[in-house]
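Here are a few notes to read alongside the model. Take them in any order you like, with the structure open beside you.

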Amino acid sequence: MSRDAIIGSLIIFFSLGFILYIVLWSRKTIERIKKKKLQSAREIIHDIDGRE
Amino acid sequence: MDENKSQISAELSRELTLFHITMMGLGMMIGAGVFIGIGNSISLAGPGGMLLTFSLNGVIAILTALSYAELSSAIPKAGGAYNFARLAFGRGPSFTAGWMEWFASSVAGSLYAVTFAIYTIRYFEGLGLLNWLPFSNQIGEKCVAFFIAVFFLYINYRGASETGKIGAFLTLGQTLFLLFIGVLGVIVVIIDPSRLQNINPFLPNGWSKILITMGFTYVAFEGFEVIAQAGDEAINPKQNLPKAMLYSVLIVTFTYVAVAFASIIAVKAGSPGVDGPVWEWIGSFKEKGFGEAVSRLIPFGNFFLTLAVIFASVSALNATIFSATRASYALGRDRMLPKFFARISPKRNTPWVALMYTGGIVIAVALFLPTQDVASSASIMFLFLFFLVNLSVIRIRYNMGDELSYGFIMPFFPVLPILAIVCQAVLAVLLHHVSLIAWIIAPVWIVSGIGIYYFYSRTRAISTADEILVLEEEQSEPEEEQYSIMLAVANPANALELTRTTYFLSEAKNAKVSLLHMVPVPEQTPLSDAEKFMMEGKEGIIEAMLCLVLRFPITTTIRYCRNIARGIVGAVKEKRTDMLILGWHGKPKGHLFRLGSTLDVIMERAPCNVAILKGLGNQKFKRILVPTRGGPNSALALELAGVLAEKDDAEVVSFVVKGIKSKVDAKKVTDTIFERPHINLERIKTKFVKSNNSAEAILKECEAYDLIILGFTRDSLIRQFTKETVCHAVAKKCSKPMIIVKASGGIRSWIKRWL
């Protein structure tokens, strides 16, 4: 397998993985915002930072 | 009953679930880009480059989808980029956003029309049916593109649409078909690993070509932004709009990569007709490369593929036409463009002028530009549009982050939107390698738009009530325990007639009553604008209400919806109605619907008791017949009969028809029902008859009665499709006043629930 193929395959793999991660994280965040009835961006960021 | 409840409110019917709006985005995205893009991109970037193209475009798309998701959750009202830019930067950039969106959607529509034409001509050419044509296939493609565009412009003018459940399932089918192709590709590789050699060389033309192919295939990833326009009609928009956008990009990216992979390995190297590397062979067909590859992968591949492309492209064409029309309509409505753009057809209630101008762009681009230039023009305009949206999300977060109520915010802010801006700028710049025409058209359009704004719109734009569009969802008040009856009126002229019976029932139940009038609005017109011109329905119901309010305390709601049945069912659920009452003219339409397309759906789906009144007028009833079969519907029928009998001092007869050879104990049927609460046994007599034809027996008995109250059938779904039910047979033929009832929770089969 050529170097281009290896690098390219890794990029494809990480791209798809990144998209999946973003969607799953977003879904979790949406549910959390709804559950805790958070409103402004500041409240949400504060809650996320606290969670992480 | 509480007094002075007489008020009229107008509301929009929220009918679209997460599934519907996700399919809406998917339907727009899977339109043409992938079908056209595979052949063109593989010829430039090679097999590995094509896979990288779709993967990396997916990443850029998800970055912009995050911006749209955040903004839509904070500003769920319909409008999309036009509203976002207005909030962020004011009217000038807002006009530019709407102006770009109009052109971008129109050009995308051209692409879908051209894609439909290419694959249709390709299919018939393959069957040898086009040899007689006196002109080339290219001219044939242009002709077909013209006619399909005109057809869907007409469909949009009429207000018809394939949206709703049918459209959603068509999109689901298309997506599953493409995923099936992807899965098939993986299976083929497992069976014959030598096919992986098709991927070598991975990047025959180097890394530099990838950015170019990403540019002109980016149009395959536009479509999720249309979900933002569903803000007025989506259920739980703050949560569902962002989810739908992100899900649609996720599904589409994985689908495209799978399909691209399957295309590469579809053909074995050295097969008949394949000279040289497989990727070069696919690339030689340009926009038809995908079709050529996949048709060799599956039996009857050519036919299924053509079918899939046709469905995908017409679905996306229909959606982009009304999306583009809405964009120009909004500009006309706000006087940023001449006000004739906002003109609504009095007959069709569609924005016909905006539609006409949109059609002009769609047809002109489809006819006069080569396919690659069409795709590039669409891509570049969307890149500029998304560039503006990514800027808007940054500005709005910084300026208004504490004021808005967000349902979602993106991670790694502001790195991700800045990254999106940079990537989109790079892709847009590099597109000049593919299409110089696109790089001329796009700036000309934008600059002309800026000119129109400065010399025309700036002094004429009107301030709208939602200049700053921050719409909170109404908090519903805690529901009272009082029994709730809703009377849904299609024809205000019938309201008084229906209300008399409704009022008797509400007195007996000590219920509160609301009057609901549904106004269907075509897809082409935003629901939020319907109230301004749908005066016909409003005036009629106001007249009825003014008449009624003197006699009955009643609240009135006018509800704007896409589909009457869905709107009524939605209203019932939202207002937690215990009983829904409707009128029926007594003439079933067609053989597919028993009572009518609206009533059948309501009877199936309304989660409450339902009573349909036919021909009751203002009569008094002395003899009431209730055909009884057992079950909750019969029990409800007897309960209602008891209420009406009490009012008019009438006699009620529970009529049981038993089959001649049936061994069922008919008396047991009635005894079981009579044990239920709310049934007034004092007024009920029972009559038993033996007959093998229940409908005939009931119709014969009806003659001696003033009113028939019938329970809706409980026959199985299959039986209902193959044989007319008793209820429907009686309802059609009986000329007496009638009430058809269905109890909450009656008629359920999992098939019906799913359908």
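**Notes on the predicted model**

1. Let's begin with a charged pair in chain B. Glu651(B) is partly exposed, at 23% relative accessibility; here buried means under 20% relative accessible area, exposed over 50%, and partly exposed in between (1.4 Å probe, protein chains only). Glu651(B) makes a salt bridge with Arg623(B), with 3.2 Å between the closest N and O atoms. A salt bridge here is a side-chain nitrogen of Lys or Arg within 4 Å of a carboxyl oxygen of Asp or Glu. Glu651(B) sits in strand 8 (residues 651-658) of chain B and Arg623(B) in strand 7 (residues 623-627) of chain B, so the bridge ties together parts 28 residues apart in sequence. Arg623(B) is partly exposed too, at 27%.

2. A word on conventions. Residues are numbered from 1 along each chain as its sequence is written, and chains are lettered from A and ligands numbered from 1 in the order in which they are written. This is a predicted model in which local features need pLDDT of at least 70 and side-chain atom pairs count only at pLDDT 80 or more, while totals for chains, interfaces and linings use all residues; side-chain values use heavy atoms, leaving out hydrogens and water.

3. Next, another pair in chain B. The side chains of Arg397(B) and Glu70(B) form a salt bridge (2.8 Å, N to O). Arg397(B) belongs to helix 13 of chain B and Glu70(B) to helix 2 (residues 33-74) of chain B, so parts 327 residues apart in sequence are tied together. Both Arg397(B) and Glu70(B) are buried.

4. Helix 13 (residues 371-400) of chain B also holds Ser376(B), which is buried with a relative accessible area of 0%.

5. Now for chain A, which has two helices and zero strands; helices (H or I, at least four residues) and strands (E, at least two) are DSSP runs, numbered from the N terminus. Its C-alpha trace spans about 50 × 15 × 15 Å along the principal axes. Of its 52 residues, 37% count as buried.

6. In chain A, the side chains of Asp47(A) and Lys36(A) meet in a salt bridge (2.9 Å, N to O). The pair links helix 2 (residues 41-51) of chain A, which holds Asp47(A), with helix 1 (residues 3-36) of chain A, which holds Lys36(A). Asp47(A) is buried at 12% relative accessible area, whereas Lys36(A) is partly exposed at 44%.
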